[in-house]
Amino acid sequence: MAQVRRLVTDLPGPRSQELMVRKTDAVAAGVGTTMPVFAARAAGGVVVDVDGNHLIDLGSGIAVTTVGNSAPRVVAAVQEQVAAFTHTCFMVTPYDAYVSVAEALNRVTPGDHEKRTALFNSGAEAVENAVKIARAHTGRDAVVVFDHAYHGRTNLTMAMTAKNMPYKHGFGPFAPEVYRAPLSYPYRDGDLDGAAAAARAVDVIEKQVGAENLAAVVIEPIQGEGGFIEPATGFLPALAEWCRSHGVVFVADEVQTGFARTGDLFACDREGVVPDLIVTAKGIAGGLPLSAVTGRAEIMDAPHVGGLGGTYGGNPIACAAALAAIETIEADDLVGRARQVEELMKARLGELQAADDRVGDVRGRGAMIAVELVRSGTQEPDADLAKRIAATAHRAGVIVLTCGTYGNVLRFLPPLSISDELLTEALDLLTEAFAADRAATSQEAVAP
Ligand SMILES: *Cc1c(COP(=O)(O)O)cnc(C)c1O
(Lines give C-alpha, C1' and ligand atoms only; values in the text may rest on other atoms or scores of the structure.)
Protein backbone atom coordinates (compact mmCIF):
# COMPACT_ATOMS: atom_id res chain seq x y z
CA MET A 1 0.00 0.00 0.00
CA ALA A 2 1.38 3.41 -1.02
CA GLN A 3 2.79 5.11 2.11
CA VAL A 4 1.62 8.59 1.14
CA ARG A 5 -1.07 11.04 2.15
CA ARG A 6 -3.33 11.52 -0.86
CA LEU A 7 -6.77 13.14 -0.88
CA VAL A 8 -8.94 12.46 -3.92
CA THR A 9 -12.14 13.99 -2.45
CA ASP A 10 -13.00 16.46 0.28
CA LEU A 11 -13.35 14.65 3.60
CA PRO A 12 -15.71 12.98 4.16
CA GLY A 13 -16.06 11.78 0.57
CA PRO A 14 -19.38 10.72 -0.99
CA ARG A 15 -19.17 7.03 -0.06
CA SER A 16 -18.29 7.86 3.55
CA GLN A 17 -21.24 10.28 3.63
CA GLU A 18 -23.59 7.55 2.38
CA LEU A 19 -22.30 5.13 5.01
CA MET A 20 -22.69 7.77 7.73
CA VAL A 21 -26.38 8.09 6.83
CA ARG A 22 -26.74 4.32 7.18
CA LYS A 23 -24.77 4.38 10.45
CA THR A 24 -27.08 7.00 11.92
CA ASP A 25 -30.11 4.86 11.04
CA ALA A 26 -28.66 1.55 12.18
CA VAL A 27 -26.13 2.12 14.99
CA ALA A 28 -26.96 3.37 18.48
CA ALA A 29 -26.32 7.10 18.75
CA GLY A 30 -24.16 6.59 21.84
CA VAL A 31 -21.46 5.02 19.70
CA GLY A 32 -19.68 8.11 18.38
CA THR A 33 -16.86 8.44 15.84
CA THR A 34 -13.81 10.74 15.82
CA MET A 35 -13.89 11.20 12.04
CA PRO A 36 -16.86 10.70 9.68
CA VAL A 37 -14.62 8.67 7.37
CA PHE A 38 -15.09 4.94 6.78
CA ALA A 39 -12.03 2.72 6.50
CA ALA A 40 -11.43 0.26 3.67
CA ARG A 41 -7.78 -0.82 4.15
CA ALA A 42 -4.83 0.08 6.36
CA ALA A 43 -1.11 -0.69 6.56
CA GLY A 44 2.13 0.93 7.65
CA GLY A 45 1.22 4.47 8.65
CA VAL A 46 -1.75 4.86 6.31
CA VAL A 47 -5.52 4.29 6.51
CA VAL A 48 -7.31 4.24 3.13
CA ASP A 49 -10.96 5.22 3.20
CA VAL A 50 -13.86 3.97 1.07
CA ASP A 51 -13.41 6.90 -1.34
CA GLY A 52 -9.73 6.09 -1.93
CA ASN A 53 -8.30 8.85 0.28
CA HIS A 54 -5.00 7.94 1.96
CA LEU A 55 -4.88 9.30 5.54
CA ILE A 56 -1.87 9.49 7.86
CA ASP A 57 -2.55 7.42 10.96
CA LEU A 58 -1.54 9.09 14.24
CA GLY A 59 -4.09 7.10 16.23
CA SER A 60 -3.44 3.36 15.71
CA GLY A 61 -7.12 2.74 16.50
CA ILE A 62 -6.36 4.08 20.00
CA ALA A 63 -2.93 2.54 20.56
CA VAL A 64 -3.89 -0.89 19.28
CA THR A 65 -2.07 -1.42 15.98
CA THR A 66 1.35 -0.71 17.46
CA VAL A 67 2.98 -3.33 15.20
CA GLY A 68 1.11 -1.84 12.22
CA ASN A 69 -2.28 -2.59 10.72
CA SER A 70 -2.53 -6.06 9.18
CA ALA A 71 1.12 -6.59 10.09
CA PRO A 72 2.52 -9.45 7.94
CA ARG A 73 3.30 -11.88 10.79
CA VAL A 74 -0.11 -11.23 12.39
CA VAL A 75 -1.94 -11.83 9.10
CA ALA A 76 -0.10 -15.11 8.46
CA ALA A 77 -0.65 -16.41 12.01
CA VAL A 78 -4.35 -15.50 11.98
CA GLN A 79 -4.92 -17.10 8.55
CA GLU A 80 -3.30 -20.33 9.71
CA GLN A 81 -5.27 -20.42 12.97
CA VAL A 82 -8.65 -19.50 11.47
CA ALA A 83 -8.32 -22.41 9.04
CA ALA A 84 -7.37 -24.83 11.84
CA PHE A 85 -10.09 -24.02 14.39
CA THR A 86 -11.85 -20.83 15.47
CA HIS A 87 -13.00 -21.64 19.00
CA THR A 88 -13.33 -24.44 21.48
CA CYS A 89 -13.44 -22.37 24.70
CA PHE A 90 -10.25 -22.72 26.72
CA MET A 91 -12.33 -23.76 29.73
CA VAL A 92 -13.77 -26.74 27.76
CA THR A 93 -10.91 -28.12 25.64
CA PRO A 94 -7.76 -25.99 26.03
CA TYR A 95 -5.19 -25.32 23.31
CA ASP A 96 -1.50 -24.52 22.98
CA ALA A 97 -1.75 -20.89 21.79
CA TYR A 98 -3.33 -19.70 25.07
CA VAL A 99 -0.57 -21.36 27.12
CA SER A 100 2.08 -19.93 24.77
CA VAL A 101 0.69 -16.39 25.20
CA ALA A 102 0.70 -16.88 28.99
CA GLU A 103 4.33 -18.06 28.83
CA ALA A 104 5.29 -15.11 26.63
CA LEU A 105 3.61 -12.56 28.94
CA ASN A 106 5.19 -14.17 32.02
CA ARG A 107 8.56 -13.78 30.28
CA VAL A 108 8.29 -10.20 28.95
CA THR A 109 6.44 -8.38 31.76
CA PRO A 110 8.45 -6.61 34.50
CA GLY A 111 10.10 -8.74 37.19
CA ASP A 112 11.68 -12.21 37.13
CA HIS A 113 9.54 -13.74 39.91
CA GLU A 114 7.26 -16.71 39.21
CA LYS A 115 4.18 -15.51 37.31
CA ARG A 116 0.81 -16.65 36.04
CA THR A 117 -1.44 -15.13 33.35
CA ALA A 118 -5.17 -15.21 32.62
CA LEU A 119 -6.61 -14.00 29.29
CA PHE A 120 -9.74 -12.01 28.60
CA ASN A 121 -11.28 -9.98 25.74
CA SER A 122 -11.11 -6.26 26.56
CA GLY A 123 -9.07 -3.92 28.70
CA ALA A 124 -12.00 -3.24 31.01
CA GLU A 125 -12.66 -6.95 31.50
CA ALA A 126 -9.02 -7.51 32.44
CA VAL A 127 -9.03 -4.56 34.89
CA GLU A 128 -12.14 -6.05 36.56
CA ASN A 129 -10.43 -9.40 36.83
CA ALA A 130 -7.30 -7.84 38.34
CA VAL A 131 -9.56 -6.39 41.06
CA LYS A 132 -11.27 -9.76 41.59
CA ILE A 133 -7.88 -11.47 41.95
CA ALA A 134 -6.55 -8.80 44.35
CA ARG A 135 -9.68 -9.11 46.50
CA ALA A 136 -9.46 -12.90 46.56
CA HIS A 137 -5.79 -12.71 47.55
CA THR A 138 -6.10 -10.05 50.26
CA GLY A 139 -9.60 -10.71 51.58
CA ARG A 140 -10.08 -6.91 51.46
CA ASP A 141 -12.62 -4.84 49.49
CA ALA A 142 -11.31 -1.34 48.77
CA VAL A 143 -9.67 -0.23 45.54
CA VAL A 144 -7.75 3.02 45.09
CA VAL A 145 -7.53 4.78 41.72
CA PHE A 146 -6.33 8.24 40.75
CA ASP A 147 -7.52 11.59 39.48
CA HIS A 148 -7.87 11.64 35.67
CA ALA A 149 -7.83 7.83 35.55
CA TYR A 150 -9.41 5.83 32.75
CA HIS A 151 -9.99 2.11 33.25
CA GLY A 152 -12.98 1.31 31.00
CA ARG A 153 -16.74 1.44 30.51
CA THR A 154 -18.12 -1.58 32.44
CA ASN A 155 -19.81 -0.96 35.77
CA LEU A 156 -16.76 -1.49 38.01
CA THR A 157 -14.41 0.27 35.60
CA MET A 158 -16.80 3.23 35.21
CA ALA A 159 -16.50 3.64 38.98
CA MET A 160 -12.71 3.53 38.59
CA THR A 161 -12.69 6.02 35.70
CA ALA A 162 -12.55 9.67 36.78
CA LYS A 163 -14.27 11.61 34.02
CA ASN A 164 -18.05 11.98 34.07
CA MET A 165 -18.69 13.03 30.47
CA PRO A 166 -18.89 10.96 28.30
CA TYR A 167 -17.98 7.82 30.25
CA LYS A 168 -20.25 7.84 33.31
CA HIS A 169 -22.97 10.44 32.83
CA GLY A 170 -26.41 8.91 33.43
CA PHE A 171 -25.01 5.39 33.84
CA GLY A 172 -24.90 5.05 37.64
CA PRO A 173 -25.16 3.84 40.31
CA PHE A 174 -21.54 2.75 40.28
CA ALA A 175 -19.75 -0.06 42.10
CA PRO A 176 -18.86 0.73 45.74
CA GLU A 177 -15.49 0.63 47.54
CA VAL A 178 -13.63 2.61 44.87
CA TYR A 179 -11.63 5.57 46.23
CA ARG A 180 -9.73 8.28 44.35
CA ALA A 181 -6.32 9.67 45.26
CA PRO A 182 -4.44 12.66 43.84
CA LEU A 183 -2.02 11.97 40.99
CA SER A 184 1.37 13.47 40.24
CA TYR A 185 0.73 15.91 37.36
CA PRO A 186 3.98 17.83 36.83
CA TYR A 187 2.53 20.51 34.52
CA ARG A 188 -0.10 21.46 37.11
CA ASP A 189 1.62 20.48 40.35
CA GLY A 190 4.03 23.37 40.74
CA ASP A 191 7.24 22.12 42.33
CA LEU A 192 5.85 18.94 43.85
CA ASP A 193 8.33 16.16 43.07
CA GLY A 194 7.48 12.47 42.70
CA ALA A 195 8.18 11.54 46.31
CA ALA A 196 6.11 14.44 47.67
CA ALA A 197 3.22 13.68 45.30
CA ALA A 198 3.32 10.04 46.42
CA ALA A 199 3.27 11.15 50.08
CA ARG A 200 0.22 13.32 49.31
CA ALA A 201 -1.56 10.32 47.73
CA VAL A 202 -0.59 7.96 50.57
CA ASP A 203 -1.89 10.47 53.11
CA VAL A 204 -5.32 10.45 51.42
CA ILE A 205 -5.28 6.65 51.21
CA GLU A 206 -4.32 6.17 54.86
CA LYS A 207 -6.77 8.76 56.18
CA GLN A 208 -9.77 8.01 53.94
CA VAL A 209 -9.46 4.26 53.27
CA GLY A 210 -6.95 2.60 55.63
CA ALA A 211 -4.30 0.20 54.34
CA GLU A 212 -5.90 -2.74 56.19
CA ASN A 213 -9.09 -2.31 54.09
CA LEU A 214 -7.31 -1.88 50.80
CA ALA A 215 -7.05 -4.73 48.28
CA ALA A 216 -5.39 -2.90 45.40
CA VAL A 217 -3.97 0.35 44.09
CA VAL A 218 -4.63 0.53 40.34
CA ILE A 219 -2.72 3.06 38.26
CA GLU A 220 -1.80 3.79 34.65
CA PRO A 221 1.97 4.44 34.67
CA ILE A 222 1.32 7.12 32.05
CA GLN A 223 -2.33 8.08 31.91
CA GLY A 224 -4.08 7.54 28.60
CA GLU A 225 -7.53 9.10 28.16
CA GLY A 226 -6.79 11.36 31.17
CA GLY A 227 -4.28 13.35 29.11
CA PHE A 228 -1.03 11.39 28.70
CA ILE A 229 -0.01 12.57 32.16
CA GLU A 230 3.42 11.23 33.09
CA PRO A 231 3.91 11.31 36.87
CA ALA A 232 7.10 12.89 38.22
CA THR A 233 10.09 10.58 38.63
CA GLY A 234 9.86 8.70 41.91
CA PHE A 235 6.05 8.74 42.17
CA LEU A 236 5.43 5.20 40.94
CA PRO A 237 8.34 3.58 42.85
CA ALA A 238 7.20 5.24 46.10
CA LEU A 239 3.61 4.07 45.64
CA ALA A 240 4.72 0.54 44.76
CA GLU A 241 6.94 0.48 47.86
CA TRP A 242 4.11 1.67 50.10
CA CYS A 243 1.85 -1.06 48.67
CA ARG A 244 4.49 -3.72 49.26
CA SER A 245 4.96 -2.74 52.88
CA HIS A 246 1.19 -2.78 53.55
CA GLY A 247 0.22 -5.98 51.74
CA VAL A 248 -1.68 -4.02 49.10
CA VAL A 249 -1.65 -5.39 45.53
CA PHE A 250 -0.03 -2.84 43.19
CA VAL A 251 -1.73 -3.09 39.80
CA ALA A 252 -0.31 -1.37 36.71
CA ASP A 253 -2.96 -0.74 34.06
CA GLU A 254 -0.70 -0.87 31.00
CA VAL A 255 -3.60 -1.32 28.59
CA GLN A 256 -2.55 1.79 26.65
CA THR A 257 1.17 2.05 27.59
CA GLY A 258 2.14 -1.59 26.99
CA PHE A 259 3.98 -3.43 24.22
CA ALA A 260 6.71 -0.98 23.17
CA ARG A 261 4.35 2.00 22.91
CA THR A 262 6.32 4.17 25.35
CA GLY A 263 9.83 3.27 24.23
CA ASP A 264 10.07 0.46 26.76
CA LEU A 265 8.33 -2.87 26.48
CA PHE A 266 6.20 -1.65 29.42
CA ALA A 267 6.07 1.85 30.90
CA CYS A 268 6.86 0.46 34.37
CA ASP A 269 10.25 -0.67 33.05
CA ARG A 270 11.54 2.94 32.84
CA GLU A 271 11.91 3.30 36.60
CA GLY A 272 12.33 -0.41 37.29
CA VAL A 273 8.90 -0.62 38.96
CA VAL A 274 7.72 -4.23 39.29
CA PRO A 275 3.93 -4.32 39.68
CA ASP A 276 2.30 -7.24 41.49
CA LEU A 277 -0.24 -7.48 38.66
CA ILE A 278 -0.01 -5.94 35.20
CA VAL A 279 -3.05 -5.49 32.96
CA THR A 280 -2.51 -5.50 29.19
CA ALA A 281 -4.75 -5.25 26.12
CA LYS A 282 -4.78 -2.78 23.17
CA GLY A 283 -1.31 -3.31 21.61
CA ILE A 284 -1.19 -6.99 22.61
CA ALA A 285 -2.50 -8.67 19.45
CA GLY A 286 -2.10 -6.38 16.45
CA GLY A 287 -5.79 -5.42 16.40
CA LEU A 288 -7.50 -8.61 17.54
CA PRO A 289 -9.47 -8.42 20.79
CA LEU A 290 -7.40 -9.85 23.62
CA SER A 291 -6.43 -8.76 27.12
CA ALA A 292 -4.52 -10.23 30.02
CA VAL A 293 -3.75 -10.09 33.71
CA THR A 294 -0.22 -11.23 34.53
CA GLY A 295 1.35 -11.28 37.95
CA ARG A 296 2.86 -12.93 40.97
CA ALA A 297 1.96 -16.63 41.05
CA GLU A 298 0.76 -16.54 44.66
CA ILE A 299 -1.65 -13.67 43.93
CA MET A 300 -2.84 -14.95 40.55
CA ASP A 301 -3.51 -18.42 41.98
CA ALA A 302 -5.64 -17.08 44.85
CA PRO A 303 -9.08 -17.37 43.16
CA HIS A 304 -10.69 -20.86 43.36
CA VAL A 305 -10.71 -23.14 40.29
CA GLY A 306 -13.47 -21.95 37.94
CA GLY A 307 -13.46 -18.45 39.45
CA LEU A 308 -11.83 -16.85 36.42
CA GLY A 309 -12.62 -17.20 32.75
CA GLY A 310 -15.24 -16.41 30.12
CA THR A 311 -16.55 -17.88 26.88
CA TYR A 312 -14.16 -16.10 24.54
CA GLY A 313 -11.24 -15.15 26.81
CA GLY A 314 -7.99 -16.11 25.07
CA ASN A 315 -9.70 -16.94 21.76
CA PRO A 316 -7.27 -19.00 19.63
CA ILE A 317 -7.22 -16.54 16.71
CA ALA A 318 -6.47 -13.63 19.05
CA CYS A 319 -3.77 -15.71 20.76
CA ALA A 320 -2.13 -16.54 17.42
CA ALA A 321 -2.15 -12.81 16.63
CA ALA A 322 -0.62 -11.95 20.01
CA LEU A 323 2.25 -14.41 19.55
CA ALA A 324 2.93 -12.87 16.13
CA ALA A 325 2.70 -9.32 17.51
CA ILE A 326 5.14 -10.08 20.35
CA GLU A 327 7.50 -11.75 17.86
CA THR A 328 7.30 -8.64 15.65
CA ILE A 329 8.04 -6.29 18.56
CA GLU A 330 11.11 -8.31 19.52
CA ALA A 331 12.44 -9.17 16.03
CA ASP A 332 11.97 -5.65 14.60
CA ASP A 333 13.17 -3.81 17.77
CA LEU A 334 9.98 -1.76 17.99
CA VAL A 335 11.08 -0.50 21.42
CA GLY A 336 13.97 1.21 19.64
CA ARG A 337 11.64 2.46 16.91
CA ALA A 338 9.34 4.00 19.53
CA ARG A 339 12.31 5.94 20.94
CA GLN A 340 13.12 7.25 17.45
CA VAL A 341 9.51 8.36 17.04
CA GLU A 342 9.74 10.21 20.37
CA GLU A 343 12.91 11.98 19.32
CA LEU A 344 11.45 13.12 16.01
CA MET A 345 8.11 14.19 17.47
CA LYS A 346 9.44 15.94 20.57
CA ALA A 347 11.94 17.97 18.53
CA ARG A 348 9.20 19.23 16.22
CA LEU A 349 6.63 19.78 18.97
CA GLY A 350 9.25 21.59 21.05
CA GLU A 351 9.74 24.02 18.16
CA LEU A 352 5.99 24.44 17.94
CA GLN A 353 5.82 25.20 21.68
CA ALA A 354 8.62 27.78 21.34
CA ALA A 355 6.64 29.50 18.55
CA ASP A 356 3.16 29.27 20.09
CA ASP A 357 2.60 29.80 23.82
CA ARG A 358 -0.79 28.12 23.59
CA VAL A 359 1.16 24.84 23.58
CA GLY A 360 1.51 24.68 27.36
CA ASP A 361 3.17 21.30 27.67
CA VAL A 362 4.76 18.70 25.40
CA ARG A 363 4.94 15.32 27.11
CA GLY A 364 4.78 11.56 26.89
CA ARG A 365 7.24 8.89 25.89
CA GLY A 366 7.97 6.83 22.82
CA ALA A 367 5.11 6.86 20.34
CA MET A 368 2.71 8.12 23.05
CA ILE A 369 3.16 11.88 22.82
CA ALA A 370 0.79 14.75 23.58
CA VAL A 371 0.53 18.52 23.68
CA GLU A 372 -1.62 20.19 26.33
CA LEU A 373 -3.24 23.37 24.98
CA VAL A 374 -3.96 26.46 27.07
CA ARG A 375 -5.01 30.06 26.62
CA SER A 376 -2.13 32.32 25.70
CA GLY A 377 -0.08 33.38 28.73
CA THR A 378 -2.02 31.16 31.17
CA GLN A 379 -2.43 27.52 32.17
CA GLU A 380 -6.17 27.66 31.52
CA PRO A 381 -7.23 24.61 29.47
CA ASP A 382 -8.36 25.43 25.91
CA ALA A 383 -10.53 22.57 24.66
CA ASP A 384 -11.85 24.66 21.75
CA LEU A 385 -8.34 25.08 20.39
CA ALA A 386 -7.77 21.31 20.60
CA LYS A 387 -11.04 20.76 18.73
CA ARG A 388 -10.15 23.30 16.02
CA ILE A 389 -6.67 21.89 15.43
CA ALA A 390 -8.00 18.31 15.37
CA ALA A 391 -10.70 19.33 12.87
CA THR A 392 -8.12 21.02 10.62
CA ALA A 393 -5.87 17.95 10.80
CA HIS A 394 -8.82 15.68 9.99
CA ARG A 395 -9.73 17.78 6.93
CA ALA A 396 -6.12 17.52 5.78
CA GLY A 397 -6.17 13.73 6.12
CA VAL A 398 -4.36 13.26 9.42
CA ILE A 399 -6.01 11.05 12.03
CA VAL A 400 -5.40 12.65 15.45
CA LEU A 401 -7.24 12.17 18.73
CA THR A 402 -7.93 14.47 21.65
CA CYS A 403 -8.05 13.50 25.32
CA GLY A 404 -7.71 14.90 28.82
CA THR A 405 -10.08 15.69 31.66
CA TYR A 406 -10.48 19.16 30.14
CA GLY A 407 -10.50 17.90 26.53
CA ASN A 408 -7.53 20.18 25.79
CA VAL A 409 -4.90 17.58 24.93
CA LEU A 410 -3.97 16.51 21.39
CA ARG A 411 -2.49 13.03 21.52
CA PHE A 412 -0.39 11.18 19.02
CA LEU A 413 -0.22 7.38 18.89
CA PRO A 414 1.29 6.48 15.53
CA PRO A 415 1.80 2.84 14.63
CA LEU A 416 5.47 1.91 14.92
CA SER A 417 5.36 0.89 11.26
CA ILE A 418 4.95 4.53 10.18
CA SER A 419 7.77 6.10 8.11
CA ASP A 420 9.70 9.20 9.21
CA GLU A 421 8.44 10.89 6.01
CA LEU A 422 4.78 10.43 6.95
CA LEU A 423 5.41 11.49 10.55
CA THR A 424 7.22 14.61 9.36
CA GLU A 425 4.44 15.46 6.92
CA ALA A 426 1.84 15.10 9.67
CA LEU A 427 3.89 17.37 11.96
CA ASP A 428 4.27 19.93 9.13
CA LEU A 429 0.48 19.95 8.71
CA LEU A 430 -0.06 20.33 12.47
CA THR A 431 2.44 23.20 12.61
CA GLU A 432 0.58 24.91 9.76
CA ALA A 433 -2.74 24.32 11.51
CA PHE A 434 -1.48 26.08 14.65
CA ALA A 435 -0.07 29.02 12.65
CA ALA A 436 -3.29 29.42 10.64
CA ASP A 437 -5.40 29.22 13.78
CA ARG A 438 -3.23 31.80 15.51
CA ALA A 439 -3.52 34.17 12.54
CA ALA A 440 -7.31 33.69 12.34
CA THR A 441 -7.94 34.14 16.07
CA SER A 442 -5.67 37.20 16.41
CA GLN A 443 -7.47 38.77 13.45
CA GLU A 444 -10.78 38.15 15.22
CA ALA A 445 -9.34 39.83 18.29
CA VAL A 446 -8.54 43.07 16.40
CA ALA A 447 -11.73 43.07 14.30
CA PRO A 448 -14.12 45.88 15.28
C1 LIG B 1 -8.57 1.64 26.70
C2 LIG B 1 -8.21 1.45 28.12
C3 LIG B 1 -8.94 0.58 28.97
C4 LIG B 1 -10.16 -0.13 28.50
O5 LIG B 1 -9.90 -1.03 27.46
P6 LIG B 1 -11.10 -1.59 26.58
O7 LIG B 1 -10.46 -2.64 25.72
O8 LIG B 1 -11.63 -0.43 25.80
O9 LIG B 1 -12.10 -2.14 27.51
C10 LIG B 1 -8.50 0.42 30.27
N11 LIG B 1 -7.42 1.08 30.72
C12 LIG B 1 -6.70 1.91 29.95
C13 LIG B 1 -5.50 2.59 30.51
C14 LIG B 1 -7.08 2.14 28.63
O15 LIG B 1 -6.38 3.00 27.87
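This is a predicted model: local features need pLDDT of at least 70, side-chain atom pairs count only at pLDDT 80 or more; totals for chains, interfaces and linings use all residues.
## Two domains in one chain

The domain assignment divides the protein chain into domain 1, which is made of residues 14–70 together with 333–446, and domain 2, which covers residues 72–331. When the centres of the two domains are taken over C-alpha atoms, they lie 26 Å apart.

## The area between them

Where the domains touch, 40 residues of domain 1 are in contact with 37 residues of domain 2. The size of an interface is often given as the accessible area lost when the parts come together. For domain 1 and domain 2 this buried area is about 3,200 Å², and 54% of it falls on carbon and sulfur atoms. On the side of domain 1, V67, R365 and M368 supply 25% of the area buried against domain 2, which is more than any other three residues supply.

## Polar contacts and salt bridges

Between domain 1 and domain 2 there are 4 salt bridges. The side chains of R411 and E225 also form a salt bridge, with a distance of 2.8 Å from N to O.

## The side that domain 1 presents

Several elements of domain 1 each supply at least two residues to the side that touches domain 2, namely α2 (60–63), α11 (334–355), β11 (359–365), β12 (368–373) and β15 (409–412). Of these, β11 gives the most, with 5 residues. Sorted by class, this side of domain 1 holds 20 nonpolar, 13 polar and 7 charged residues.

Terms used:
Residues are numbered from 1 along each chain as its sequence is written. Side-chain values use heavy atoms; hydrogens and water are left out. Domain bounds come from an automatic or database domain assignment. Contact means heavy atoms within 4.5 Å. Buried area is the accessible area (1.4 Å probe) that two parts lose on being put together, summed over both. Helices (H or I, at least four residues) and strands (E, at least two) are DSSP runs, numbered from the N terminus. Ala, Val, Leu, Ile, Met, Phe, Trp, Tyr, Cys and Pro count as nonpolar, Asp, Glu, Lys and Arg as charged, and the others, Gly among them, as polar.
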